[in-house]
Amino acid sequence: MRNFILILAAAAMSTLGMGCVSVESISLTSIPARRDAPVRTEKSKIIFLGFNFNNDFVDELVGDLKNQCKDGIVSGILTKDEVVNYFLMIVYSRRVTATGYCQRTGQKT
Amino acid sequence: MIFSRPNLFTFFRTAFLKAILLLGLCGCAILHKVQLSDIDNRSQFVQVPFDVKVSETGVDVKDIERLGRASGSQAGNDIGNVAALVALFQMGPRSGAPVFSEKYAEKIIYQIHQQCPSGNYSGVTSIRETRKYPVISGEIVKVTGFCLREKKGASL
């Protein structure tokens, strides 16, 4: 019985440590026919006790994608906005992931 | 000794309450939605950044209800009851607090067109967020991106 409680407590602790993820929003742009050069970027911000005074971390997404696709077009962008809860919504993070496909000049289909 | 023990406690309690009040007045930024458009990073274009923001005041009736009931007076309780009744008519899916006019975000199209009349945009980031203060909130729609202008002498 004692072992069972210990295992249960360990499972609960490891679940809390992993964090629960929930999706806030998803958006997708037109997907190109050529998808041989995927690009990806992820930005996140840890928030403690709900105190968050700006969402400027999102502004870096476009710059990151542009750096991965010099002189080309990034299309088929999937933007995923998630909340990762680490501990009882006291500590959580906002994570925005953007993935897409780079088409260099002359490759667009 | 400058501080006796009760004075020290009072000092820290007041400082803590002031800090909480200050943080509350700063307004927390709540992110609701982020959306990215396609990015045209071809070298034949000059990319001119643009930034457009529209907002509307939101009113959180739940906050009014909580404050009314916390006052402990009969008038406060009555206000709380009215706020609870109003909240019944504001149910349904939404982001942020209810606003007086839901059409505030429509003018963003005209504002973008003013900044980029060619209509050739790239890397448009649309952000829906709330700036939360006690009772009221700023319901914000922000769009940033790049207006593409062809370089002189470049061909498509």
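How many helices and how many strands does chain A have? Chain A has two helices and four strands, and when we read along the sequence these elements follow the pattern α-β-β-α-β-β. Before I go on, please keep in mind that what we are looking at is a predicted model.

Chain B has four helices and five strands, and along its sequence the pattern runs α-β-β-β-α-α-α-β-β. Of the 109 residues in chain A, 36% are buried, while for the 156 residues in chain B the buried share is 32%. If we take the contacts in chain A with a separation of 6 or more, 74% of them are between residues 24 or more positions apart, and for chain B the corresponding value is 78%.

Now I turn to the place where the two chains touch. The size of an interface is often given as the accessible area lost when the parts come together. Here chain A and chain B bury about 2,500 Å² between them, and 58% of that area is on carbon and sulfur atoms. On the side of chain A that touches chain B, the elements that give two or more residues are β1, α2, β3 and β4 of chain A, and it is β3(A), with eight residues, that gives the most. Taken as a whole, the contact draws 35 residues from chain A and 27 residues from chain B.

What sort of polar pairing goes with this interface? Between chain A and chain B there are 13 residue pairs in polar contact, but the number of salt bridges found across the interface is zero.

In chain A, Lys43(A) forms one with Glu60(A), with the closest N and O atoms 3.5 Å apart. Lys43(A) lies in strand β2 and Glu60(A) in helix α2 of chain A, so this pair ties together parts that are 17 residues apart in sequence. Lys43(A) is buried, at 18% relative accessible area, whereas Glu60(A) is partly exposed at 42%.

In chain B, Asp60(B) forms a salt bridge with Lys132(B), and their closest N and O atoms are 3.8 Å apart. This pair links distant parts of the chain, because Asp60(B) sits in the loop between β3 and α2 of chain B, Lys132(B) sits in strand β4, and 72 residues separate the two. Asp60(B) counts as buried at 18% relative accessibility, and Lys132(B) as partly exposed at 24%. These two residues also belong to a network of salt bridges that links Asp60(B), Asp63(B), Arg66(B) and Lys132(B).

Another salt bridge in chain B joins Glu65(B) and Lys62(B), with the closest N and O atoms 4.0 Å apart. These residues are three apart in helix α2 of chain B, and they are therefore separated by about one helical turn.

I will finish with the aromatic rings, of which the structure holds two pairs over all chains. Why is the pair Phe51(A) and Phe53(A) called stacked? The ring centres are 6.4 Å apart and the planes are at 25°, which means that the angle falls under the cut-off of 30 degrees for stacking. Phe51(A) is partly exposed at 31% relative accessibility, and Phe53(A) is partly exposed with a relative accessible area of 31%.

Terms used:
Residues numbered from 1 in each chain as written. Chains lettered and ligands numbered in written order. Predicted model: local features only at pLDDT ≥ 70, side-chain atom pairs only at ≥ 80, totals over all residues. Heavy atoms only, no water. Phe/Tyr/Trp six-rings, centres within 6.5 Å; stacked < 30°, edge-to-face > 60°. Buried < 20%, exposed > 50% of the residue type's maximum accessible area, 1.4 Å probe, protein only. Contact = heavy atoms within 4.5 Å. Buried area = accessible area lost by both parts, 1.4 Å probe. Salt bridge = Lys/Arg side-chain N within 4 Å of Asp/Glu carboxyl O. Polar contact = N/O pair within 3.5 Å; in protein donor to acceptor, adjacent residues only side chain to side chain.
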